[in-house]
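Try each task before you read its solution.

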Amino acid sequence: MVALVSNYLPETYSTATAAVVSAVVYVLYVIVSKVLAYRSAPIRDLPGPKSVNWLTGSHARNVWEPDAQDTQLEWTREYGPVFRYYGWFNLNRIITMDLRALNHILNSPEFEKTDDARLLLGDILGKGLLTVEGLKHRQQRKIMSPAFGLPQIKAFSQLFVEKANEWRDALAAEAARSQAPDGSIRLDMYLWLNKITLDIIGEAGFNYSFRSLHQDEAHMLTEGLRKSTTFDPFSFKFMIPALIPPARLIVCRPFNWAKSLFNISVAY
């Protein structure tokens with residue numbers, strides 16, 4: 001691009017000037033492309049809440065996207081199973097609870113994780129099957145497929161049924177203890193999903209029983225994973241790599257400290 005721009009500049013201008021002009025032209029091109037794509041996006045025709053401010057979009061300033069489940073449920077009741085809302089910096093976002101749409105999205109190669117999502121998940125989980133896309137994902141899936149074939153899954157079916165029954169009984173007991181005077185019951189399903197997942201992985205993969213379903217407090221591994229995935233979205237370690245892609249090449253990545261914490265938890 002520098003050589004192309006140099007052809008249209010007077011001979012008195014240096015290569016450095018051409019490089020600066022090229023950079024400005026490129027930035028303007030990116031901005032105009034983003035604005036045009038934003039203005040012509042078909043998802044703008046979907047119903048949804050309006051923006052309340054330029055920073056947090058449709059969310060109030062005291063409600064950030066990672067903690068907006070209650071708000072999103074209210075929007076679902078008001079706008080239906082598929083709607084658009086404004087995320088950070090007023091960027092368009094879609095939420096769908098339509099099962100056919102979710103099945104298509106999760107099983108179609110056309111829908112990939114964003115660069116930001118791959119950055120954050122990759123720093124926690126590594127560049128594995130859950131984070132990579134495209135050719136790398138197909139290669140890793142091909143390698144892993146023999147371990148998850150029908151005979152292998154059938155061999156663990158009895159374990160899955162037993163753990164599902166244990167989970168049911170544990171949830172029923174916890175619901176009985178947690179019932180409010182008005183009859184309502186509130187359970188932390190994220191915690192219970194972590195518990196049954198840890199128990200199944202322990203017995204299926206390592207022939208070891210963590211018995212986390214029968215512990216009132218979270219297992220050390222579950223707690224370590226929870227801490228490793230908890231972060232401040234407004235810290236510089238998070239914001240700089242998320243907003244400035246070249247900063248992702250810096251050795252100090254947002255979740256290096258989180259991975260260290262999780263590794264310590266596993267070691268103990």
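**Exercise 1. Two helices**

This is a predicted model. Describe how helices H8 and H9 cross: which handedness, what angle and what direction?

Solution. 
- Step 1. Start with the handedness. H8 and H9 make a right-handed crossing.
- Step 2. Find the helices. H8 covers residues 157-178, and H9 covers residues 189-206.
- Step 3. Look at the axes. They come within 11 Å and cross at roughly 150°.
- Step 4. Apply the cut-off. Angles over 145 degrees count as roughly antiparallel. H8 and H9 are therefore roughly antiparallel to each other.

**Exercise 2. The contact of H8 with H9**

Which residues of H8 and H9 meet, and how do they divide by type?

Solution. 
- Step 1. List the H8 side: Leu 159, Phe 160, Lys 163, Ala 164, Trp 167, Ala 170, Leu 171 and Glu 174.
- Step 2. List the H9 side: Met 189, Trp 192, Leu 193, Ile 196, Asp 199, Ile 200, Glu 203 and Ala 204.
- Step 3. Sort them. The contact has 12 nonpolar residues, no polar ones and 4 charged ones.

**Exercise 3. A lysine in H8**

Is Lys 163 buried or exposed, and what is it in contact with?

Solution. 
- Step 1. Locate Lys 163. It is in helix H8.
- Step 2. Check its accessibility. Buried means under 20% relative accessible area. Lys 163 has 4%, so it counts as buried.
- Step 3. Leave aside neighbours within four places in sequence. Lys 163 is then in contact with Ile 196, Asp 199, Ile 200, Glu 203 and Leu 213.

**Exercise 4. A strand pair**

In what sense do strands S1 and S2 pair, and over how many bridges?

Solution. 
- Step 1. S2 spans residues 92-96 and pairs with S1 in the antiparallel sense, over 5 bridges.
- Step 2. Pick one bridge. Arg 84 has Ile 94 in S2 as its partner.
- Step 3. Check the surroundings of S1, residues 82-86. Here 4 of the 5 residues are buried, so S1 is largely enclosed by the rest of the structure.
- Step 4. Look at the hairpin. It has 5 residues between the strands, and Phe 89 takes a positive phi near 55°.

Technical notes
Residues are numbered from 1 along each chain as its sequence is written. This is a predicted model: local features need pLDDT of at least 70, side-chain atom pairs count only at pLDDT 80 or more; totals for chains, interfaces and linings use all residues. Side-chain values use heavy atoms; hydrogens and water are left out. Buried means under 20% relative accessible area, exposed over 50%, partly exposed in between (1.4 Å probe, protein chains only). Two strands pair if DSSP finds at least two bridges between them. Axes are lines fitted to C-alpha atoms, for helices over the stretch in contact, and angles run from 0 to 180 degrees between N-to-C directions. Angles under 35 degrees count as roughly parallel, over 145 as roughly antiparallel, 65 to 115 as roughly perpendicular and the rest as oblique. A crossing is left-handed if the near helix is turned anticlockwise from the far one by less than a right angle, and right-handed if clockwise. Contact means heavy atoms within 4.5 Å. Ala, Val, Leu, Ile, Met, Phe, Trp, Tyr, Cys and Pro count as nonpolar, Asp, Glu, Lys and Arg as charged, and the others, Gly among them, as polar.
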